[in-house]
Structure formats: C-alpha cells, structure tokens
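Here is a walk through one protein model, from overall fold to individual side-chain pairs. Keep the structure open and follow the residue numbers.

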Amino acid sequence: NSTQLTIIWMPSINSTTTAPVTSWTVLYSCYSPWNPSSCPSGSNTSISPASFSYPFTGLRKGSNYTFVVFGVNSGGGGDVSLPATNQTLVDPPTLVVGLDAAVMTTTSVLLTWSPPSDNGGQNISYY
C-alpha cells in the first residue's frame, strides 16, 4: 500500500560461520522525488533470528526505499545483502476545494477552485 512495504529474505546457504544467527538487522534509506527532505534514512531494525520477513509501516507515499539485511551473531555483524529497492504507492488526491462556475458568455464558463488538501503523495500533474 502507500505507506507500507514488507521485505522478505532468505539466509545464506554458503555461510562459513559456526555461531548461529542471533538476530537480523535491516537498514534502509529513503528518497522522495517530490520532497527529498521528508524521507528518513539510516534507520535500522533488529529482528528475531526465526523471522525472514519484516513489514515496514509509516513510510512516505510515493517514495523510493532501499533495504539491506545482515545477520548478527556472537562474532558481530555479517556480510550485508545486495540492496533491494522498491517504491511505495501514491493515493489519488482528495477533492478540490471551493469549485465555482461563473458564466462568461452564452457558450463558456469560468471554473475556479483551490487545490485539494491532500495530493496523495505526489505532485498533481493536471486537473
């Protein structure tokens, strides 16, 4: 949906470590082409070693997220996965405000309105 992404991963089968994974760490960064300063980056989450997915909620609409995962054990953090990138969806804009029609001639009217209060997470391309 527009504010949630779930990432799924598989543990490496080529691991040479003998210590079991005690947790997974997920790092992510965000880039919003519509509002670059609105996206948090560098956040991390520690996840149970028995889980291989994690839902991220409260994300910015219409933003690009890049995720990496690595296992942690008694020896520290392991190798970082290849990055996975995905984009949250955008919602349709809400209704325009104060739509008014003024008769200009017998064959034309002038429509005026204010922009919607919520653009759905992306600049409005046209009306």
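Of the 127 residues in the protein, 24% are buried. Buried means under 20% relative accessible area, exposed means over 50%, and partly exposed lies in between (1.4 Å probe, protein chains only). The model is predicted: local features need pLDDT of at least 70, side-chain atom pairs count only at pLDDT 80 or more, and totals for chains, interfaces and linings use all residues. Residues are numbered from 1 along each chain as its sequence is written, and side-chain values use heavy atoms, with hydrogens and water left out.

Confidence comes next. pLDDT is the predictor's confidence in each residue, on a scale from 0 to 100. The average for the protein is 86, and 90% of the residues score at least 70.

Now the fold. The protein has zero helices and nine strands. Read from the N terminus, the order is β-β-β-β-β-β-β-β-β. These elements are DSSP runs numbered from the N terminus: helices are H or I with at least four residues, strands are E with at least two. Contact means heavy atoms within 4.5 Å. Among contacts with a separation of 6 or more, 58% join residues 24 or more positions apart.

Thr 25 gives a local view of such contacts. It lies in strand β2. Thr 25 counts as buried because its relative accessibility is 11%. Leaving out residues up to four places away in sequence, Thr 25 touches Asn 44, Thr 45, Val 68, Val 69, Phe 70 and Val 72.

How many aromatic pairs does a search of the whole structure find? The count is nine. Rings of Phe, Tyr and Trp (its six-membered ring) pair if their centres lie within 6.5 Å; planes under 30 degrees apart are stacked, over 60 edge-to-face, and the rest tilted. Take Tyr 28 and Tyr 65: their ring centres are 5.9 Å apart and their planes are at 50°, so the pair is tilted. This pair links distant parts of the chain, with Tyr 28 in strand β2 (residues 23-31) and Tyr 65 in strand β5, 37 residues apart. Both Tyr 28 and Tyr 65 are buried.

Phe 56 and Phe 67 make another tilted pair, at 5.1 Å centre to centre and 45° between the planes. Phe 56 lies in strand β4 and Phe 67 in strand β5, so this pair ties together parts eleven residues apart in sequence. Phe 56 and Phe 67 are buried as well. One aromatic cluster takes in Tyr 28, Tyr 54, Phe 56, Tyr 65 and Phe 67.

Turn to the charged side chains. Side chains of opposite charge can pair when their charged atoms come close. A salt bridge here is a side-chain nitrogen of Lys or Arg within 4 Å of a carboxyl oxygen of Asp or Glu. By this rule there are two salt bridges. Asp 91 and Lys 61 form one of them, at 3.0 Å from N to O. Asp 91 sits in the loop between β7 (84-87) and β8, and Lys 61 in the loop between β4 (53-56) and β5 (64-73), so the bridge links distant parts of the chain, 30 residues apart.

Lys 61 also forms a salt bridge with Asp 118, with the closest N and O atoms 3.7 Å apart. Lys 61 lies in the loop between β4 and β5 and Asp 118 in the segment after β9, so the pair ties together parts 57 residues apart in sequence. Shared partners join Lys 61, Asp 91 and Asp 118 into one network. How accessible are the members? Lys 61 is partly exposed, with 23% relative accessibility. Asp 91 is partly exposed, with a relative accessible area of 30%. Asp 118 is partly exposed, also with a relative accessible area of 30%.

Last, the surface. The protein exposes about 8600 Å², and carbon and sulfur atoms supply 57% of it. Accessible areas come from the Shrake-Rupley method with a 1.4 Å probe; for residues, only the protein chains shown count as cover. Val 96, Leu 99, Val 103, Val 109, Leu 111, Trp 113 and Tyr 127 form a nonpolar patch with about 720 Å² of accessible area together. Patches are made of residues with over 30% relative accessible area and no salt bridge: like charges are joined within 9 Å, nonpolar side chains (Val, Leu, Ile, Met, Phe, Trp, Tyr) within 5 Å.

β8 (97-105) and β9 (108-114) each supply at least two residues of the patch. β9 gives the most, with three residues. Trp 113 belongs to strand β9. It is partly exposed, with a relative accessible area of 36%.
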